Amino acid sequence: MKAMLRADGLTKRYGPVLAVSNVSFTARPGAITGFLGPNGAGKSTTMRLFLGLDKPTSGQALIDGKRIDEWPIPARKIGAVLDTQCAHPSRTAIDSVRWAAKLAAADQGQAETLLDRVGLTEVAGQRVGRFSLGMRQRLALAIALVGNPEIVVLDEPMNGLDPDGIAWLKALLGQFRDQGRTIFLSSHLLAEMEDLVDDLVVIAQSKIVGAGSAQAFIQRFQTSAVTVECDNPEALSAAISKAGGRVLGVVGTQRLQVTGVTAVMVGEIARDNRIAIFGLREERNLQKAFTQATGDKSAIRGEVG
Amino acid sequence: MTFASLWSAEIIKFRTLRSYLITVITAIVLAGVIAAGIGTGIDAQGNIPTLGTSIQAVAFPMEVVIYAMVVLGVLIATGDLRSGTFRITAVMAPWPRQVLVAKFTAAAVIAFGVGVVSTLLAYVGGLLTGGSGYSPLSGDGTLVVLTTLVAVPLATILGTAFGLLLRNTAAAISLLLVWGLGIEAIFAYIVPPEVVAFLPFKTVGAAVANLPLGPLPGLGMFTLYVAIATGLAIFVYERRDLGT
């Protein structure tokens, strides 16, 4: 499986609102690509453009080099969960997968297998209207996987899942990655994304503000901060400032937050000044990098004009 | 992807929803019961007071079936749209025209089956209570029955098209039923029969037997109205963004 997603100068305009502006990126096979952005940044629109639900104003959204409608059985190439509203509330879970299996030219027995895979075997005969948000999320995933697709696109797949459910989903996505599939997912749960994604595409106000490996993104957008606990914060503050660091603040009576120096440097400064350290950690995470990258672009709005 | 796959998926969607099956069964049972009720009013000359000849013992119940199938058509469309099923279908089969044609065709085939069973039940219902004057197939009777039989699936397609265009169950059903049962009925009193005969729901069913257009031209007009609505739905969906 070597299918990839590629957006090439993708632009979508709804009347005066520019929802996606000249977006270009690639989601590679065998990797999980996180798609991050504030509300209204254009994440869902971009996903809809890949899936052929919306038509681009200009540019291309290509699935393994072709538009989705150019594949004879698209469900074998790409499966997507855009919404938990995925089945008629009066239809049973198993029947909701069966009709989709027909469109994916899949074996009808595939429906049972998939419900088992997403943990819904026990409720296969129940109407979807009785399902919790987490159960609907699992059902939506079963429907997306009905064609055993090479590419999986998921919009906020962790919404409604409990911690066990999130762990299960992360393990499943890890399996997909190991199988060489292309996984492209958006989520607001940045802490969950941090240890899951290999690559990142970050969008803000309809434009890409960063794309590439997750680690490179974090390093690019976040200046690391060091938190240190010691017996003499005043003396350490002065020493760190003298060494070129900047003290961001003092928390309580013993904790300092500093920037501009590494944890190793803080340790050496403390040793040289005979200050006892109780705790020392360097923080560099996706949440902070995301905030730094998107900056003041987090308002729910599209670009007008 | 073959058309057969699209069509099969639509049939699975239909038969796995109880509300659709209830609509179908209700329509069939109503046809028999209404026919039996009308049959009791048939006199020795084969006439029914206020309705016309005994053809109405079959045509009138079938008109009820036509309206029931209009409602079914709306439900088939809006049920898919409301539940997200239509969007998933559009991702798995990103060819709106083929998907809609499969949907229209599946709805029509189901409705045709309903029409055949309903017609038989209506005929038998009238026969059970109609007595010696019961002769629904005399005169234009056979033609009226046959054109009504064709009108039933067309009515379902019409309902589906309106459901797709309005994207709202209540709005689509209200519009179609208020037009068919209300506005056309009012027109029947205020405009000449030659004009009334061209109103969509007067071109087929019970009204045909009493209006000047006749069964076959009436069916032709009804087909034209359905074709316009269907064509418009396909035109709109080929251009509409489906994700929003």
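User: What makes up the contacts in chain A with a separation of 6 or more?
Analyst: In this predicted model, residues 24 or more positions apart account for 69% of those contacts in chain A, where a contact requires that the C-beta atoms, placed from the backbone, lie within 7 Å. The chain has eleven helices and 14 strands, and its C-alpha trace spans about 75 × 50 × 35 Å along the principal axes.

User: How is chain A divided, and how far apart do the C-alpha centres of its domains lie?
Analyst: The division is into domain 1, covering 5-215, and domain 2, covering 223-283; the C-alpha centres of the two domains of chain A lie 44 Å apart.

User: Why is A:Gln205 called buried?
Analyst: A residue is buried if 20 or more other C-beta atoms lie within 10 Å of its own, and A:Gln205 has 21 other C-beta atoms within 10 Å, so it is buried. A:Gln205 lies in the loop between strand S8 (199-204) and strand S9 (207-213) of chain A, and its phi is near 50°, a positive value in a residue other than glycine.

User: What makes A:Ser206 count as buried?
Analyst: The cut-off is again 20 or more other C-beta atoms within 10 Å, and A:Ser206 has 25 C-beta neighbours inside 10 Å, so A:Ser206 counts as buried. A:Ser206 is placed in the loop between S8 and S9 of chain A, with a phi near 70°, which is positive although the residue is not glycine. Most residues other than glycine have a negative phi. Across chain A, buried residues make up 44% of the 305 residues.

User: Why are S5 and S9 of chain A said to stand at the edges?
Analyst: The open sheet of six strands has the order S5-S6-S7-S3-S8-S9 in chain A, with mixed pairing. Strand S5 (78-81) and S9 each have a single partner strand, so one side of each is left without a neighbour in the sheet. The twist averages 15° from one strand to the next.

User: Which helices lie on these strands of chain A?
Analyst: Helix H1 (residues 43-50) of chain A lies across strand S3 (31-36), strand S6 (151-155), strand S7 (182-186) and S8, running at about 150° to S6(A). Helix H5 (residues 133-144) of chain A packs on the sheet, touching S5 and S6 of chain A, and its direction makes about 165° with that of S5(A).

User: What makes helix H4 (residues 85-92) of chain B mostly covered?
Analyst: Seven of the eight residues in this helix are buried, among them B:Arg87, B:Ile88 and B:Met92.

User: How do helix H5 and helix H6 of chain B pack?
Analyst: Helix H5 (residues 96-130) and helix H6 (residues 141-166) of chain B pack at an angle of about 145°, with their axes 8 Å apart, and the crossing of H5(B) and H6(B) is right-handed. The residues that meet include B:Phe104 and B:Ala108 in H5(B), and B:Leu149 and B:Ile157 in H6(B). By class, this contact has twelve nonpolar, four polar and one charged residues.

User: How many residues of chain A are in contact with chain B?
Analyst: There are 30 residues of chain A in contact with 26 residues of chain B. H3(A) gives the most to the side of chain A that touches chain B, with six residues.

Note on methods
Residues are numbered from 1 along each chain as its sequence is written. Chains are lettered from A and ligands numbered from 1 in the order in which they are written. This is a predicted model: local features need pLDDT of at least 70, side-chain atom pairs count only at pLDDT 80 or more; totals for chains, interfaces and linings use all residues. Two residues are in contact if their C-beta atoms, placed from the backbone, lie within 7 Å. Helices (H or I, at least four residues) and strands (E, at least two) are DSSP runs, numbered from the N terminus. Axes are lines fitted to C-alpha atoms, for helices over the stretch in contact, and angles run from 0 to 180 degrees between N-to-C directions. A crossing is left-handed if the near helix is turned anticlockwise from the far one by less than a right angle, and right-handed if clockwise. Ala, Val, Leu, Ile, Met, Phe, Trp, Tyr, Cys and Pro count as nonpolar, Asp, Glu, Lys and Arg as charged, and the others, Gly among them, as polar. A residue is buried if 20 or more other C-beta atoms lie within 10 Å of its own, exposed if 12 or fewer, and partly exposed in between; C-beta atoms are placed from the backbone. Domain bounds come from an automatic or database domain assignment. Two strands pair if DSSP finds at least two bridges between them.
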